[in-house]
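Student: I have just opened this model and would like to learn how to read it. Could you walk me through some of its features?

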Amino acid sequence: MKKQVVSVVLTAAMAAGMLAGCGSSASSSTSSTSSASSSAASTSASSAASTSSSSSAASTSASSEAVASTSGAAGVGEASGKYALVPKSAGNPFNEREASGFQDALKALGCSDDQIIVSYPDNPTADSQITVIQSLISQGVSSIAVAANDASALDAALKQASDAGIKVCTLDSDVDADYRSVFCNQAGVKEIAQALMDAVYDISGGSGEYAILSATSQATNQNAWIDAMKQIAESDDKYADLKLDEIAYGDDEAQKSTDQTQALLTKYPDLKVICSPTTVGIAAAAKVLQDQKSSVKLTGLGLPSEMKEYIGDDDSHSCPYMFLWNPIDLGALAAYTSVALVNGTITGAVGDTFTAGDLNDGNPYTITENSDKASEIILGQPFKFDPSNIEEWAEVY
Ligand code: RAM
């Protein structure tokens, strides 16, 4: 990592420390979290090549001034509505980072606390989210941004929201395209799957058994990544000597993910690699493997702050490297998208463009079409975390 980049990262780390401090409410009920600081830092770890062994070019953009100066004039218009975020569940630090980005972007656009609602469902289930969505409809919010716990179980509740004039977008985990205007996607599904499949290949030495430790069996995002991994594995002989033993589900709960990791180790004595495409799963698996001094190695999608002690190239570390994107930026993108939808700046159709404050270095986002012909906004590329950069990024998110 270049010196200049390191200093930007450290500056961002300090700003993000402030963010973490004001955005870590884990309330399981509808809450408008007040912020001690009106600053909005946006950090981006999205510009590095996902599969490159060097993690250069981590870009960090934003200052409170830069974001604030875009208020009402950066392509999304004025934020005069009530904007709601429904993460996947309470108690997941990834979701809390997402929420802090959402809240701080709206504050930078001039929103007061009562215009910003973060409603955590109690569990990572569709039922919990339906309860929350119905409550938001009765509160008359202007928009709902939801990280869906199921691809289709929210359809009726989201239709009810749209029928009531509420703008709906998704982030992190999508629903059927008919029930939302646009999906704020952290990175392309294929890009994430390719990074994970290549990591399994590399870490296993190109052959042997691996297992996947996922979130819930219904999670749209994890299922999309896993399906794409399978397609990649089947479509290229390069992966022919790899055998997927099992897809286990830890339900984005630490204890269940720990238990599932133990079960995989018991069931598959020849297991070489576990790939966990969820921050909750990978953190639980990392601890099990490292505590047991297991020879099984780990990769997947993890929060640097939770994975710092497990990332390393030697036998005493369970995870050589992993990937993620910036959850704070993802939340911020959902906030700008919500305001743009409410103001009619965008409809969510393919080809719409808008600027989202300082995200994307202030350059416009263009809504694109994914392989299901549904509209999405891609935040960036998956970013690789390894021993060379984990310390810096652990301070950021
Ligand atoms: C977990 C959640 C989230 C996912 C990350 C990678 O925190 O399942 O949806 O995007 O992992």
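Student: Which residues of H8 meet residues in H9?

Tutor: On the H8 side they are Ala-254, Ser-257, Thr-258, Thr-261 and Gln-262, and on the H9 side Val-280, Gly-281, Ala-284, Ala-285 and Val-288. Two residues are in contact if their C-beta atoms, placed from the backbone, lie within 7 Å. Helices (H or I, at least four residues) and strands (E, at least two) are DSSP runs, numbered from the N terminus. Please keep in mind that this is a predicted model, in which local features need pLDDT of at least 70 and side-chain atom pairs count only at pLDDT 80 or more, while totals for chains, interfaces and linings use all residues. Residues are numbered from 1 along each chain as its sequence is written.

Student: How do I describe the way two helices pack?

Tutor: Two packed helices are described by the angle between their axes and the distance between the axes. Here the axes are lines fitted to C-alpha atoms, for helices over the stretch in contact, and angles run from 0 to 180 degrees between N-to-C directions. H8 and H9 pack at about 50°, with 8 Å between their axes. That makes H8 oblique to H9, since angles under 35 degrees count as roughly parallel, over 145 as roughly antiparallel, 65 to 115 as roughly perpendicular and the rest as oblique.

Student: Which residues of H8 are buried?

Tutor: Ser-257, Gln-260, Thr-261 and Leu-264 are. A residue is buried if 20 or more other C-beta atoms lie within 10 Å of its own, exposed if 12 or fewer, and partly exposed in between, with C-beta atoms placed from the backbone. An α-helix has 3.6 residues a turn, so residues three or four places apart point the same way. The face turned away from the buried side of H8 carries exposed Gln-255 and Thr-266.

Student: What do the buried residues of H4 pack against?

Tutor: Their partners are strands S2 (83-86), S3 (116-119) and S4 (143-146), together with helix H5 (155-163). The buried set in H4 is Ala-126, Gln-129, Ile-130, Val-132, Ile-133, Leu-136 and Ile-137. Those residues fall within an arc of 170° seen down the axis, so they line one face of H4. Just after H4, Gly-140 takes a positive phi of about 70°.

Student: At what angle do H3 and H11 pack?

Tutor: H3 (residues 93-108) and H11 (residues 327-343) pack at about 45°, with their axes 6 Å apart. H3 and H11 are therefore oblique to each other, and their crossing is right-handed.

How values were computed:
The arc is that of the directions from the helix axis to the C-beta atoms. A crossing is left-handed if the near helix is turned anticlockwise from the far one by less than a right angle, and right-handed if clockwise.
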